[in-house]
Amino acid sequence: MTTPATEVHEAVVAIWTETLGIEVTPDADFFLLGGHSLLATRMIARVEQTLGVKVRLREVFDHATLEDFVGLVAARTADQP
């Protein structure tokens, strides 16, 4: 099932907010907001649990801003049957 991009965005914002314990903005950077590899691992697990999308830890570093990460996850949900 494909998840629309707006639902992906809302889900990722909720996951980042929960994981980091602060509100996030569209230009938010996971690591500049206090994220680290352990929190990134927790966040990845929540993304997979919530959206069914697998993300590697390295990809979080490569897509550290909210909008970049949402784009990555949205592209993966679009590829799902």
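What is the mean pLDDT of the protein, and what percentage of its residues reach 70 or more? The mean pLDDT, where pLDDT is the predictor's confidence in each residue on a scale from 0 to 100, is 92, and 91% of the residues reach 70 or more. This is a predicted model, in which local features need pLDDT of at least 70 and side-chain atom pairs count only at pLDDT 80 or more, while totals for chains, interfaces and linings use all residues. Residues are numbered from 1 along each chain as its sequence is written, and side-chain values use heavy atoms, with hydrogens and water left out. Where pLDDT is low, the predicted coordinates should not be read in detail.

The elements named here are DSSP runs numbered from the N terminus, with helices (H or I) needing at least four residues and strands (E) at least two. Among the elements of the protein, helix 3, which covers residues 57–62, has the highest mean pLDDT, 98, whereas helix 4, residues 66–78, has the lowest, 93.

Leu51 counts as buried because its relative accessibility is 10%, where buried means under 20% relative accessible area, exposed means over 50%, and partly exposed lies in between (1.4 Å probe, protein chains only). The C-alpha atom of Leu51 is separated by 7.6 Å from that of Val8, although the two residues are 43 residues apart along the chain.

We turn next to charged side chains. Side chains of opposite charge can pair when their charged atoms come close. The structure holds four salt bridges, a salt bridge being a side-chain nitrogen of Lys or Arg within 4 Å of a carboxyl oxygen of Asp or Glu. One of them joins the side chains of Glu18 and Arg46, at 3.3 Å from N to O. Because Glu18 lies in helix 1 (residues 5–20) and Arg46 in helix 2, this pair ties together parts that are 28 residues apart in sequence. Glu18 is exposed, with a relative accessible area of 51%, while Arg46, at 27%, counts as partly exposed.

Another salt bridge is formed by Glu59 and Arg76, whose closest N and O atoms are 2.4 Å apart. This pair links distant parts of the chain, since Glu59 is in helix 3 and Arg76 in helix 4, 17 residues apart. Glu59 counts as buried at 8% relative accessibility, whereas Arg76 counts as partly exposed at 27%.
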